[in-house]
Amino acid sequence: MNASKLANYTDVKARELWTTLYLCAKEQPKRRFHALYDKIYRPDILAEAWRRVKRNKGSGGIDGQTIEKIVYEYGESKFLNEIYLTLKKKQYCPNPVRRTHIPKGDGKTRPLGIPTIKDRVVQMATKIVIEPIFEADFKDFSYGFRPKRSAKQALAQIRKASKNSYWVVDVDIKGYFDNINQEKLMKLVEQRISDRRVLKVIRKWLEAGVMEEDQFHETEVGTPQGGVISPLLANIYLNYMDTIWEKKFAHLGTLIRYADDFVIMCRTKQHAFDSIQVILSIMEKLDLSLSKEKSKLVNIWDGTNGFDFLGFHHRKFPKYNKGGSKIYILTHVPSKKAMKKMRQNIRECIGPRSQLYRGINDVVEDLNAKIRGLRNYYAITPMAKKWLNRIDWYVLERLNLFWNKKRKARHKHGKIGELMIMTSGVLLKLTG
């Protein structure tokens with residue numbers, strides 16, 4: 001069986017298992033699944049897990065093993081067979097994750113845990129097996145890190161809810177991934193899974209610890225950001241909040257959640273105040289707290305205020321009818337933080353002097369790849385395109401500066417027309 005046929009086979013088998021488990025869980029909301037561990041080390045599931053890990057790329061963990069070394073030196077079959085035997089003999093023990101820090105837009109950093117490639121494959125195989133069980137329980141207003149769900153669907157729900165909402169509770173959980181109570185998380189997992197072997201593996205991941213600058217640190221709380229299984233576990237934990245809200249407090253407003261970020265769209269100020277008290281009570285039960293700096297109550301009645309969510313600033317802008325009357329319609333434009341990040345990415349692409357050795361067409365090709373991604377996500381409304389037009393001009397400005405440095409021009413700004421004549425490739429625009 002060649003590589004393409006094998007990939008298609010493993011994908012089909014994984015989807016068949018996913019569908020079967022999902023339907024069983026959906027039909028029996030209180031069922032606890034007890035025979036799952038042997039499915040995790042099924043050869044077709046491990047093969048599909050490896051295919052997904054390899055597709056996602058990423059660097060290696062503390063053992064120094066990389067995807068490239070496995071493919072070109074160690075051997076994929078040997079690698080997967082070792083994982084199969086380790087799991088089957090119940091000898092699997094995960095390594096600590098390698099902790100690194102990535103910069104955030106506000107100048108701070110976010111800790112990122114990088115498991116070994118082996119641990120990522122086992123986590124992916126486990127995710128393939130247990131995800132459909134919990135997907136059957138997850139609510140429709142949860143959009144983050146779930147199959148066939150996206151941030152754009154969350155934005156569409158915000159637009160829909162805004163027609164009857166005038167107050168928004170914008171919530172930010174303080175250090176969510178780092179403060180998840182592991183014992184309470186495991187109790188939530190155990191509501192659906194009774195297979196002790198699977199539960200033992202999940203607990204091992206939570207307690208594996210982190211390595212940072214050759215120092216080992218235990219992890220008694222939280223789930224490391226960066227692990228394949230972490231987003232699913234994070235959704236399981238907050239599904240407790242989603243379930244309570246849907247059963248008892250949906251009348252207060254529309255909750256829209258993407259991972260650990262969520263907003264509540266309320267019709268009245270009193271409903272918004274009541275929603276805040278409910279959320280605070282739920283957070284206390286989950287041993288979590290809200291960020292006072294980032295959480296806020298916003299009045300979106302007349303367009304004077306807005307809120308940031310999923311990289312957009314959401315505000316009601318005025319629209320004039322034919323008769324001259326004015327109405328306010330919610331729309332989305334890139335947030336200030338997102339605009340700053342876009343400029344930073346462009347500078348990193350063509351700003352360093354080390355890039356001057358490259359041909360202009362290669363630079364344009366790299367820029368186009370970034371522009372496509374930004375345009376696909378941010379250019380969703382005519383108003384958003386007005387904001388993105390500023391980035392288009394910024395791209396031209398940086399490209400022009402790059403060209404002037406490359407030809408050692410004395411003037412800060414050369415002729416952009418000359419640059420474009422020298423460029424055989426076409427520079428894409430965010431706005432069209």
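Buried means under 20% relative accessible area, exposed means over 50%, and partly exposed lies in between (1.4 Å probe, protein chains only). This is a predicted model, in which local features need pLDDT of at least 70 and side-chain atom pairs count only at pLDDT 80 or more, while totals for chains, interfaces and linings use all residues. Residues are numbered from 1 along each chain as its sequence is written, and side-chain values use heavy atoms, with hydrogens and water left out.

**View 1. A patch of positive charge on the surface, with K108 as one of its members.** Look for K108, R110, K174, K292, K294 and K337, which gather here. K108 sits in the loop between β1 (97–103) and β2 (109–114); strands are DSSP runs (E, at least two residues), as are helices (H or I, at least four), numbered from the N terminus. K108 has a relative accessible area of 56%, so this residue is exposed.

View 2. Most residues other than glycine have a negative phi. You will find K148 in the loop between α6 (117–135) and α7 (151–162), and its relative accessibility of 83% makes it exposed.

**View 3. Aromatic rings in pairs and in a cluster.** The whole structure holds 13 aromatic pairs. Rings of Phe, Tyr and Trp (its six-membered ring) pair if their centres lie within 6.5 Å; planes under 30 degrees apart count as stacked, over 60 as edge-to-face and the rest as tilted. The W245 and F249 rings have centres 6.2 Å apart and planes at 40°, so this pair is tilted. Both residues belong to helix α11 (residues 230–249), 4 residues apart, about one turn of the helix. W245 is buried at 1% relative accessible area, whereas F249 is partly exposed at 23%. For Y377 and Y378, the ring centres are 4.9 Å apart and the planes at 90°, so the pair is edge-to-face. Y377 is partly exposed at 23%, and Y378 is buried at 12%. Finally, Y37, Y41 and Y84 make up one aromatic cluster.

Technical notes
Patch = residues over 30% accessible without salt bridge, like charges linked within 9 Å, V, L, I, M, F, W, Y side chains within 5 Å. Areas by Shrake-Rupley, 256 points an atom, 1.4 Å probe, with all protein chains shown as cover. Salt bridge = Lys/Arg side-chain N within 4 Å of Asp/Glu carboxyl O. Lys, Arg positive; Asp, Glu negative; His and termini not counted. Charge placed at Lys NZ, Arg CZ, Asp CG, Glu CD.
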